[in-house]
Amino acid sequence: MKIAIIGTGYVGLVTGTCFAETGNEVICVDIDSAKVSRMQNGEIPIYEPGLKVLFDRNIEEGRLKFTTSLKEGIKDAEIIFLALPTPPGEDGSADLKYILGVAQDLGPILENYVVIVDKSTVPVGTAEKVRLAIQKNTTVQFDVVSNPEFLREGVAVDDFMKPERVVVGTTSERAKRVIENLYAPLVRQGNPVIFMDERSAEMTKYAANSFLAMKITFMNEIANLCEKVGANVDDIRKGIGTDSRIGKRFLFAGIGYGGSCFPKDVQALAKTADDYGYDFKTLKSIMAVNGVQKTKLIPILEDYFNGELEGKTIAVWGLAFKPYTDDIRDAPALENIRKLISAGANVTVYDPEAMENVKRIFPQITYCHTAYAALDEADALMIFTEWPQFRTPDFEKMSRLLKEKVIFDGRNLYELNLMREQGFNYFSIGRDSVH
Ligand code: NAD
């Protein structure tokens, strides 16, 4: 099939590359001309494990192309994916200007029947808005389908190639057949393609992300209470996660969720609820709790240094909002670094993939080539992302490099007993501190 992908970011590039991998002819369109020329020259603009191999192969075999021209991109396309940003607007709702802007532009250039697929995360009713925006400017037949994306950055290729489920919102039999054929190679093991109406598909994505954000947040509140009552949240996690109704995943306590999806999607769903006159109390609590959780280690750090962070050097391990990505959108590390800087601390950081992106936001801090280099002469270490390489470091080397043997761990990477044995002062989430 001939496919056009409009918007070649994390979702668009993975979608385009993976559909090329299953034999389709894909053209990815983006307005960012610098990004497009990099991709035309074979350079991948994001870090996503496993993507580069597929990207190279499909370019090489002529199935994956890039352009800045919408008209050229959609020529002869049977399916057009919209993988455009939907950032939060000022009132918290998802800003549809990118989606509706492209929809307006599509009308006059459509030539044949085409299925237009919303892959972006969009509020209930958007498929209808897209349909109207296109219809105004064309007499060509088309269908608009909602097909929210559930891939996780860091494992996006696997998630895309073997989705646990594909959700498709459409009432058009014709569009349904096109989408079924497209996804058939990805669901051969029998994972379901779940068809429903457009509004339900749009709502499904927000319900999924908000539920996951709630699971994380609930566990973080249990952790906060654990600290007060003297219980260990890791034991509680194991104790409840083995209950199949609860499940083991998304129960790790920490400094809250971030990233380009959960914060904005929870907020957007809350805004939808408000718009429809429904007081969605759970969502409001999730946002409030997560907001505080992100920087909860800062007052503990301040207490440790008797309120005096001025002139202290704080080493930071981990900047990305989670491991295996260079994505720093809404990463908890950023807000923490902002607070450290405003308290007068010097900050030395290390992250395996995300430093280039952070340099644009904080040019004044020190970026190190290794995790250990960040510790040299630092007064304390803070950990914000659970990259595997931080899990079993050389503690003796750390002891030699750090001025004070103290760790503030936002991701609970180390066992308390190990920290006692190694003689570290250790502060984590939902567990006793070690002195
Ligand atoms: P992104 O910012 O990485 O990519 C968006 C791309 O669209 C950018 O390259 C931008 O230059 C391009 N663009 C903007 N306006 C354009 C236009 N008029 N024409 C062509 N290109 C244009 O965003 P993303 O992370 O890929 O997210 C896209 C959507 O998918 C969002 O709605 C997001 O909520 C959703 N989503 C994201 C993820 C994720 O993990 N990143 C997962 C599921 C769903």
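Domain bounds here come from an automatic or database domain assignment. Keep in mind that this is a predicted model.

View 1. The chain splits into domain 1 (2-196), domain 2 (205-293) and domain 3 (297-427). Taken over C-alpha atoms, the centres of domain 1 and domain 2 are 29 Å apart. Where these two touch, 11 residues of domain 1 are in contact with 10 residues of domain 2. On the domain 1 side, that makes 7 nonpolar, 3 polar and 1 charged residues.

**View 2. Cys261, the annotated active site.** The "active site" label on Cys261 comes from an unreviewed UniProt entry. Look for cysteine 261 in the loop between helix 10 (233-241) and helix 11. Cysteine 261 counts as buried because 25 other C-beta atoms sit within 10 Å, and the cut-off for buried is 20 or more. Setting aside neighbours within four places in sequence, cysteine 261 is in contact with Thr121 and Asn209.

**View 3. The annotated binding-site residues.** The unreviewed UniProt entry lists a "binding site" that takes in several residues, including Phe150, Leu151, Arg152, Glu153, Lys205, Phe252 and Lys322. They span 173 residues in sequence and the farthest two C-alpha atoms are 23.9 Å apart, so don't expect them all to gather at one spot. Arginine 152 is in the loop between strand 6 (142-146) and helix 7 (156-161). Arginine 152 is partly exposed, with 15 C-beta neighbours inside 10 Å.

View 4. Phenylalanine 252 sits in the loop between helix 10 and helix 11. With 19 other C-beta atoms within 10 Å, phenylalanine 252 comes out as partly exposed, since buried needs 20 or more. Not counting residues up to four places away in sequence, phenylalanine 252 touches Arg237 and Asn412.

**View 5. Helix 11 packed on helix 12.** Helix 11 (residues 262-275) and helix 12 (residues 281-293) pack at an angle of about 145 degrees, and their axes are 9 Å apart. The crossing of helix 11 past helix 12 is left-handed. Helix 11 brings Val266, Gln267, Leu269, Ala270 and Ala273 to the contact, and helix 12 brings Leu283, Lys284, Ile286 and Met287. Sorted by class, those contact residues are 7 nonpolar, 1 polar and 1 charged.

View 6. UniProt (unreviewed entry) marks residues 315-416 as "domain: UDP-glucose/GDP-mannose dehydrogenase C-terminal". From end to end, the C-alpha atoms of residues 315-416 are 21 Å apart, and the span is 28% helix and 18% strand.

Methods:
Residues are numbered from 1 along each chain as its sequence is written. This is a predicted model: local features need pLDDT of at least 70, side-chain atom pairs count only at pLDDT 80 or more; totals for chains, interfaces and linings use all residues. UniProt positions are given in the numbering used here, feature names are shortened, and annotations may be inferred rather than shown by experiment. Helices (H or I, at least four residues) and strands (E, at least two) are DSSP runs, numbered from the N terminus. Axes are lines fitted to C-alpha atoms, for helices over the stretch in contact, and angles run from 0 to 180 degrees between N-to-C directions. A crossing is left-handed if the near helix is turned anticlockwise from the far one by less than a right angle, and right-handed if clockwise. Two residues are in contact if their C-beta atoms, placed from the backbone, lie within 7 Å. Ala, Val, Leu, Ile, Met, Phe, Trp, Tyr, Cys and Pro count as nonpolar, Asp, Glu, Lys and Arg as charged, and the others, Gly among them, as polar. A residue is buried if 20 or more other C-beta atoms lie within 10 Å of its own, exposed if 12 or fewer, and partly exposed in between; C-beta atoms are placed from the backbone.
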